[in-house]
Amino acid sequence: MSNSIILLSIVFIPAIGGILGAIFLKDKLLEKFVYLISYIQLILCTYIYIQFAFFGYEQISVLYEWINIGKVNVDFYIKLDGLNAPLILLAGILTTVAVHASNHIRERINEYYFWLFLLITGVFGVFLSFDLILFFFFFELEIIPMFFLISIWGTGRKEYSAMKFLLFTLSGSALMIIGFLCIYFSSGTFNLDELNRIQINWIIPSTFVFILIFIGFSIKLPMWPFHGWLPDAHTDAPTAASVLLAGLLLKMGGYGIIRICYSLMSSDAQNLSLIISVFGVISVIYGALMTLRQTDLKRLVAFSSVSHMGYILIGLSAFSSSDLITQKLGLSGASLQMVSHGLITGLLFYLVGGIYEKCKTREVYELGGLSSHFKFTSVALAISGMASLGLPGTSGFIAEIMVFMGGFAEYNILTSISVFGVVLAAGYILWMLQRVIFGTSNNDYSKLSDLNIVEKIPVLILLFSILFIGIYPRFITDVLNIGINGIIN
Amino acid sequence: MLSPINIEDIINILPELIILFTGSIILINGVTSRSNKVSYYVAISGTFIGLITKLILIFALYENMNYESIFMGTLVAGSLESLFSLIFLIALFVCLNMTKYYQDQITSFKSEFYGLLMYSTAGMMLLARSNEMITAYVSLELATLPLIALVALGKGKLSKESGLKYLVLSAVSTSFFLLGVVYIYALTGTTFISSENPNISIHYGTIFQGISHAQVMFPSDLFVSVSSLDISNIIILISIIFIFIGLLFKLGVFPFHFWIPDVYEGAPTPITMFLSVASKSAGIAILLRIVLSIFNIADVSNTSWHAVLNWPDISLSIAILSVFSMLVGNILAINQNSLKRMLAYSSIAQAGYILIGFVALLSSSEIKDAVYNSSVMVAYIFGYMFTNLAAFYSMGAIKQNLETYDFNQFKGFGRIDVLNSFVLSISMLSLIGIPPTIGFITKLFLFSSGINSGFTWLVIFGLINTVISAYYYLRIIKVLYLEKSEFSFDNQLQAIKVSKLAVLLLISIVVFGVYPDPIFDFCYDAINSVIN
């Protein structure tokens, strides 16, 4: 099979599988079918990543003509390069995790898997598309499935959270599309390759376009003043949706900033990087302080995401440096942070979801002493917690150290402040672990059992990936460097 | 001077003739036998034959995409008018199909109902292709007058009231239109819009040529003190404003939107659908013909072409109308509980979006841009047609079971009437503009035309309104799928019919949403054949 066909099927297998499964299959058969789809997806993603990483970094692309109105050309153009290949691998892993996390869903499962797989197609499409309109198409495609996943299968104030998520995201994409159209009418093409090659004659100031698109993506990221939707949406979403939301949807923001804002408007990115850094520091510290106050496990993980996504902005701010090494370090650090945070938070949400299923509560004060009965969960939670606070040996450490090195060379004071985010992270993670895993239990867990074999598989996959990247980061960073080189030049 | 009518002219307006002929047969049948079944089937088959004829004409005769003037220059035959005729005929077909379910909502004059509907459609088809102001006026009346009767043909006081309202207001608006035409005739001595036939420009001249030869300097800004103007300037200004008022009334944009909610609510639902799709498109069709004929003779690359042609630059005023239409439509729609009334307000907002296309067209600085801007607008109207037909059709089907338009009663209905609820939800998503629906891609390009012409602020307004509108459109979906029903439906439900037409509309929304190229291509070629 040729690589481009594999690339095409990575985008469309989830959607087609979801539609067919939802229409033709029922109950048990459907559950088996979705496992099949998710593992096919995982295998294809791994295959294509290895194909890319170990066989000469050959770019794999698919190009069809899509819409053609006179002079306006929109292509169906998807391409795998160094920047999105690690994210594709991440998405493949988290697809499997999300399907595993869904096996407690009992009501309306046909609809559930339909929306879940449509969402996954949207995510893969965003990461792979190299045409602005196609990018926007997939970016918008993911909104409605997430709305339904939260509002039907969620918990708590689910409808409020879903609507909040939707309105925030729609506002973001409204700003974004104006920016995209301005880019088009300044350059005459939507094709990102072409845009990188040519000189753009801006019809309106490029700083304005940069800010529009940047705000659009930073709502998704989420950056500090626009993070309002995130805690609610994460907390009330079902586990699988939380995994995808934290693991992949937030990354769409960071990826979009690098792919579009930074590569097309690099001079504005350099001019504004002090502001970006300031917002990054605020996100890190504010997010960490807010996390300290949370007693709901899921809310705690959600707020910690705000803090960790702030590191991405600090890494990005290194772009203003005149030193090429610093630039590379910052951008690869930011990209690696996306991958690493996706894995770690995915695991945390998965475990918290499992605990909630078993113990029926997520309150830190009501839990306690889990280690006596849930040995596997406790160990996994401890390791992922350590990874989240950036312990050496885990992927979190590598990503954060790269971000700090890049950021410190450029804005030493701001970066020094943001390092305190790690200290605060140690505070809330250790406090959480101490309360939940150790201590004495208020409840009787003796009748409850730990995760079974099927439920353990995604935990093992994620733990392996976190430690593997922590020990051998070149597996990802070599590939990322190829992508970053393309952006910087 | 002009060539007499020949057989080709007759062939070109065959679809209109078929529709008119069918309408007459139905009316005669209504008087003589009063058999509704016969009338219905005659109407359906007549529409079907008309549609087929139209399609054959499009593919057979217009392959070279040339514009021809027929009937001594009063009508044109080309692909743009075919495109609009297609919209009217599809709307008529869906409307007739829907009437089947609405027998109890219409008074006993059922044959007349079908007959008048056919007449109105024929009027719209003629309006879309008229090349002469008086013909346009007659076609406008032929399209509107039957609609007034149709609005009033529903049962109940509300329908009669809205019929009267529609009568008075459309009489006023068409008289504005006529007054504008008369002024222009007084000034220029001609009523021809464009000159496909060279004989027209030799012997009569078009109104725009007449206006440009009026030998007065025209200020490029509309808002200038009237005292400084020459008398013929004032006449040009007034007549153009009057013509626009008459036609913008059809579109139902802000300040001419007051009839929309009441009339839409009072009319029988098939007629509401017909009003919102066909009648609106008819207004756009003639407006587009007029505006495109300016671009036919204007040298737009010259920045002072407005002064050369004595044509006022009205794009800013239209932009303001667009902003207010979007705001009024969307904000008033939020508080509605009746789905029908909500769709009425949403159609005001949609008219505002369409006006963005008009603004972009009016201020294009290159012929290529003008072609692009207007073709994406026509494509938007095409998408709007599919979406609105699907929305009204599925709303009608749901109403049949629940006997109410109040969507708070739809709670949990998505689990019971799966298909119709799904069609309704998808059409709501298409109205917001969310992929993979046709509403997304056409709206995207509509907004792109706004930025193309430098109206970025207007597009920002449009996008803000899109976010506002998402709130109330999604409420329908929320009620259908997320809320638990308070009572059991089982005992009071009629057998839920799975309508093939609804499925067809759904498929077109999604398929053209993913692969819109055929629509964009068709629109682009059609517009390209007009301006050149």
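Ile238(B) is found in helix α10 of chain B, which covers residues 231-251. In this predicted model, Ile238(B) is partly exposed, with 15 other C-beta atoms within 10 Å. A residue counts as buried if 20 or more such atoms lie within that distance and as exposed if 12 or fewer do, so the value of 15 for Ile238(B) falls in between. Ile238(B) lies 55 residues from Tyr183(B) in sequence, and the C-alpha atoms of the two are 8.2 Å apart in space.

Met386(A) lies in helix α16 of chain A, residues 375-388. Met386(A) is buried because 21 other C-beta atoms lie within 10 Å, against a threshold of 20 or more. Apart from neighbours within four places in sequence, Met386(A) is in contact with Leu391(A) and Thr394(A). Between the C-alpha atoms of Met386(A) and Ile344(A), which are 42 residues apart along the chain, the separation is 9.6 Å.

The largest nonpolar core contains 375 residues. Those with the most contacts inside this core are Ile88(A), Ala91(B), Leu389(B) and Cys523(B). Helix α16 of chain B, residues 367-402, gives the most to the core, with 21 residues. A second, separate core has 5 residues, among them Ile70(B), Leu75(B), Val76(B) and Ala77(B).

The contact between the chains takes 28 residues from chain A and 33 residues from chain B. On the side of chain A that touches chain B, at least two residues each are supplied by β1 (60-69), α5 (132-141), α6 (143-153) and α7 (158-187) of chain A. Of the elements on this side, α7(A) gives the most, with 12 residues. Sorted by class, the side of chain A that touches chain B has 21 nonpolar, 4 polar and 3 charged residues.

Helix pairs were examined within each chain. In chain B, helix α2 (residues 14-32) and helix α5 (residues 110-129) pack at an angle of about 160 degrees, and their axes are 8 Å apart. α2(B) and α5(B) are therefore roughly antiparallel to each other, since angles over 145 degrees count as such. The crossing in which α2(B) passes α5(B) is left-handed. On the α2(B) side the contact is made by Pro15(B), Glu16(B), Ile19(B), Leu20(B), Thr22(B), Gly23(B), Ile26(B), Leu27(B), Asn29(B) and Gly30(B). The residues of α5(B) that take part are Ser111(B), Glu112(B), Tyr114(B), Gly115(B), Met118(B), Tyr119(B), Thr121(B), Ala122(B), Met125(B) and Leu126(B). By class, this contact of α2(B) with α5(B) has 11 nonpolar, 7 polar and 2 charged residues.

In chain A, the axes of helix α9 (residues 206-220) and helix α11 (residues 239-264) come within 7 Å and cross at roughly 160 degrees. This angle makes α9(A) roughly antiparallel to α11(A). α9(A) passes α11(A) in a left-handed crossing. From α9(A), the contact involves Phe210(A), Ile213(A), Phe214(A), Phe217(A), Ser218(A) and Lys220(A). From α11(A), it involves Leu249(A), Leu250(A), Met252(A), Gly253(A), Gly256(A), Ile257(A), Ile260(A) and Cys261(A). The contact of α9(A) with α11(A) has 10 nonpolar, 3 polar and 1 charged residues.

Backbone geometry was also considered. Most residues other than glycine have a negative phi, and most peptide bonds are trans. The peptide bond from Leu221(A) to Pro222(A) is cis, with omega near -10 degrees, and Pro222(A) is found in the loop between α9 and α10 (229-236) of chain A. In chain B, the bond from Pro435(B) to Pro436(B) is cis, with omega near 0 degrees; Pro436(B) lies in the loop between α17 (418-432) and α18 (438-452) of chain B.

A positive phi, near 50 degrees, occurs at Arg108(A), a residue other than glycine. Arg108(A) lies in the loop between α3 (85-101) and α4 (109-128) of chain A, and counts as partly exposed because it has 15 C-beta neighbours inside 10 Å. Lys360(A) has a positive phi near 60 degrees and is placed in the loop between α15 (324-359) and α16 of chain A. With 10 other C-beta atoms within 10 Å, Lys360(A) is exposed.

Notes:
Residues numbered from 1 in each chain as written. Chains lettered and ligands numbered in written order. Predicted model: local features only at pLDDT ≥ 70, side-chain atom pairs only at ≥ 80, totals over all residues. Core = buried A, V, L, I, M, F, W, Y, C linked by C-beta atoms within 7 Å. Helix = DSSP H or I, 4+ residues; strand = E, 2+ residues; numbered from the N terminus. Contact = placed C-beta atoms within 7 Å. Nonpolar A, V, L, I, M, F, W, Y, C, P; charged D, E, K, R; others polar. Axes fitted to C-alpha atoms, helices over the stretch in contact; angles between N-to-C directions. Parallel < 35°, antiparallel > 145°, perpendicular 65-115°, else oblique. Left-handed = near helix turned anticlockwise from the far one by under 90°.
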